[in-house]
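Colleague: I have a few questions about the terms used for this model. Could you take me through them?

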Amino acid sequence: GLRLVPRADEPLKMKDFKTDQEVRWCPGCGDYAILAAFQSFLPELGVKRENVVMVSGIGCSSRFPYYVDTYGMHSIHGRAPAIATGLAASRPDLSVWVVTGDGDGLSIGGNHLIHALRRNVNIKILLFNNRIYGLTKGQYSPTSELGKVTKSTPMGSLDTPFNPVSLALGAEASFVARSVDSDRKHLQSVLREAADHQGSAFIEIYQNCPIFNDDAFAPLKEADRGTPGSGGLIRLQHGEPVRFGGGKGVRLNRYGTAEVVDVDEVGEDELLVHDVAVPDPSYAF
Ligand code: SF4
Ligand code: MG
């Protein structure tokens, strides 16, 4: 259909990044909040719509390109980082964003993801983590917790989950971050920093799937509550090891949550050897 195109000299607004497509996620899906946060961030990115490209794989999150009024490609299962790599390498003038999920990005496309990160291609990867396969109706994913009972694991999953942040750090990603669908302020601040970063940026976004894995992050949120600086919302970038005052450091526990620990009590190698910017405590859950 016809769309209003703003004049070249007119600043873009959030509505300029919405398409005429009907958004087809389940009611209450966390994807809506991420989409809204992203669309309202895009005007401040300051890049013309024709120079922004969304590349996705397959899954619920991968419907993103239909809803963001820029160029985009709903590509092949797990292969969005490879396609985005080709695009970013041949057109360095573009702002290239990959949208993927925990299944698409860490299982089917795990290989593509780690190599895009180690090559430090100038792409921004948003990995929506709902710890389940949503589109195919609820099978356990590479981030589902041990013992997770699903249709494909009726007696409970036997697999230890990936921690996407640890995986990205292990692949020597130059920008690693985690945020959450429900915290627009924090998510947008991370998007801004990712956009400014030259090279690959990896952002894990906790995303609620109310249909197949409702409140998967509730225990993490509960554990983090009221402990400023220990939130699951952390930002990591390459740099010097972090040290808090009073002999405190940060490590990721096995559930992927950052916890503040006494440096004396844990081995040096357990600490994140990356600069950790702990956001304002108001960002904590
Ligand atoms: Fe969202 Fe889950 Fe529905 Fe997919 S299945 S659209 S992730 S609520
Ligand atoms: Mg998923």
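Colleague: What share of the contacts in the chain with a separation of 6 or more comes from residues 24 or more positions apart?

Modeller: They account for 67%. Contact means heavy atoms within 4.5 Å. This is a predicted model: local features need pLDDT of at least 70, side-chain atom pairs count only at pLDDT 80 or more, and totals for chains, interfaces and linings use all residues. Residues are numbered from 1 along each chain as its sequence is written, chains are lettered from A and ligands numbered from 1 in the order written, and side-chain values use heavy atoms, without hydrogens and water.

Colleague: What makes H1 and H7 oblique to each other?

Modeller: Helix H1 (residues 30–45) and helix H7 (residues 184–196) pack at about 45°, with axes 10 Å apart. Angles under 35 degrees count as roughly parallel, over 145 as roughly antiparallel, 65 to 115 as roughly perpendicular and the rest as oblique. H1 and H7 are therefore oblique.

Colleague: Which residues make that contact?

Modeller: Among them are Ile34, Phe38 and Phe41 of H1, and Leu187 and Leu191 of H7. The contact residues divide into nine nonpolar, two polar and three charged. Here Ala, Val, Leu, Ile, Met, Phe, Trp, Tyr, Cys and Pro count as nonpolar, Asp, Glu, Lys and Arg as charged, and the others, Gly among them, as polar.

Colleague: How many residues around ligand 1 are charged?

Modeller: The shell has no charged residues, but eight nonpolar and three polar. Cys26, Cys29 and Phe212 are among the residues surrounding ligand 1. A residue is near a molecule if one of its heavy atoms lies within 4 Å of it.

Definitions and conventions: Axes are lines fitted to C-alpha atoms, for helices over the stretch in contact, and angles run from 0 to 180 degrees between N-to-C directions. Helices (H or I, at least four residues) and strands (E, at least two) are DSSP runs, numbered from the N terminus.
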